[in-house]
Amino acid sequence: MTLQNVYARDYQTLNGSWNYIIDPFDMGYYDYRLKENPNGFFKNQKAKHKADLVEYNFDTAPLMLIPSDWNTKNSQLFFYEGSVWFKKDFNYSPQPGKKTFAYFGAVNYDAKVYLNGEKLGEHIGGFTPFSFDITGKVKDGSNFIVVRVNNERHPEGVPTVNADWWNYGGITREVLLVDVPELFINDYLIQLEKGKYDNITGKINLSQPVAGKTVVLEIPELKIKQTLSTDASGAVSFSIKAKPELWSPENPKLYEITLASGEEKIKDKIGFRQVETVGKEVRLNGKKIFLKGISIHEEAPFRQGRAWSPDDAKILLGWAKELGCNFVRLAHYPHNEYMVREAEKLGLMVWSEIPVYWTIHWDNPATYANAQKQLNDMINRDKNRCNIVIWSVANETPHSEARDLFLANLAKFAREKDNTRLISMAMEVTGTRNNTSKVEDYMSQYVDIISFNNYLGWYGGRVEDAKTRQWEIPYDKPFFVSEFGAGALQGKHGDKGEIWTEEYQAELYKQTLAMYNRVEGFAGTSPWILVDFYSPRRQLNGIQDFFNRKGLISNNGVKKQAFFVLQDFYKTK
Ligand code: GCU
């Protein structure tokens, strides 16, 4: 079940205190012969008699405020990779004639979910939503839900075992109990017809294949009220003449829409725009646009840990707006829905990405299925967000035939699912000879924008090389620099030749921006990165202390000199 626009439904959150039990040897799941234990922790057993042996007790276990990663909530769990069990008691009154779903915004990485001691199901993948139908299973009165979360990395996982971000484990986004009518609007898509400015098209899907059901679509500000009737599959497509005011960074216009069917009425806010590439130009609403971007990890400002809330989104995106951005690269995985919706309201275009990152197991069919499912679920959740202009299928992946096939299939899948947005991925520079850097990639035929990461002056070369460096990007497509940057410890000062100083980072930004600005087809950039973030790969004590220091802002929210270099550059665009 998709449950499109879950926040528009009738829901109650299970946010708040959950009991948790740390389970490093999966005692709560397996017996001592490593067989699944039918009476695992999910039974939430209690010792009833004085001789009862029950070696766990949720009621006396510590509490954790959910949503949250566990790493920043309990110092014993900062580095922990393994299983943690969570339990929440809740009261419920199932409504007659209604269905109830348990919805999870995200759980990293492997979630096994149980209700009142019975397994609901399992989900793999740390950054996309999932739900279980609990109709008839949720009781009238008191219930308990148990989730076993395991954040261990797996070579065949997506991402794999190697990544430059903290492996935050936990129920990292909201848990909702959602009531919908027996027959409900499960999914919908509402957008401008590709390439047109005077026609709104889309599709509405009911949750069951029933024909002849009435669905009413209203866009009051456009004086649209369409009464539609579903086909045998329970769906209805529409095409409506209308010339909406276009969404843009300068004017992030959103229209209130309502969808009604039976007793259900859903509201959403939809923006209308066109995005395309023509030759080496990216065009928004038919006009060339420069993507003034910045990369952002889903890390909470100030407190660290996983960002998940509207407030987290407002702070991070507020900094991006202050920078002068019209674009954000939400790296390296789908961010929470609040982040995308807040960006839409603020007029920030979005690059949304699945964590097909570095050394993925390209020849493993299960790995591909995992990646495709995450891509599918990312597009499903956000396909009505007009500010998402790029779906990205990978980041910095090593060349091989298996990788080419894997990524080509992902790119084709994304385009089949949604041909109204641009497809890209973060490639790498394939080589530098005679002071000319070249970007050549088999995947260039599948993407609309040639995007690549390059750290001239940081991972190789000197900052001053940027003054003379030439570029060869042999495609009649725009190019976008999805990453460049340098580390700086905020408050460390020295001359611009001294690494880790703010001056070094600022000079690298100045020279790098000037370099790309000289190259034809430069369509934008999302430098790495808005804020310093935790990474297990950054051990230099006194400077990194497990932080990647490429932020333009420190993890304490203090802007570094390079912030203002980029801000000044964007003023010229
Ligand atoms: C890579 C990668 C980032 C990483 C960055 C760095 O380009 O895409 O995830 O954090 O470089 O090394 O800082």
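1. A polar contact is a pair of N or O atoms within 3.5 Å; within protein, one atom must be able to donate a hydrogen and the other to accept it, and residues adjacent in sequence count only if both atoms are side-chain atoms. By this criterion, one residue pair is in polar contact between domain 1 and domain 2, both residues being at pLDDT 80 or more.

2. The model is predicted: local features need pLDDT of at least 70 and side-chain atom pairs count only at pLDDT 80 or more, whereas totals for chains, interfaces and linings use all residues. Residues are numbered from 1 along each chain as its sequence is written, and side-chain values use heavy atoms, with hydrogens and water left out.

3. The chain is divided into domain 1 (6-181), domain 2 (196-272) and domain 3 (276-571), with bounds that come from an automatic or database domain assignment. Between the C-alpha centres of domain 1 and domain 2 the distance is 36 Å. Five residues from domain 1 and four residues from domain 2 make up the contact (heavy atoms within 4.5 Å).

4. About 400 Å² is buried between domain 1 and domain 2, 56% of it on carbon and sulfur atoms; buried area is the accessible area (1.4 Å probe) that two parts lose on being put together, summed over both. On the domain 1 side, A8, R9 and P181 lose the most area to domain 2, together 82% of what that side buries.

5. The two domains, domain 1 and domain 2, share one salt bridge, that is, a side-chain nitrogen of Lys or Arg within 4 Å of a carboxyl oxygen of Asp or Glu. R9 forms a salt bridge with E264, and the closest N and O atoms are 2.9 Å apart.

6. Which residues are closest to the ligand? Of the 14 residues that surround the ligand, the closest are D164, E396, Y459, E483 and K550, where a residue counts if one of its heavy atoms lies within 4 Å. Polar side-chain atoms of Y459 and E483 lie 2.6 Å and 2.5 Å respectively from an oxygen atom of the ligand.
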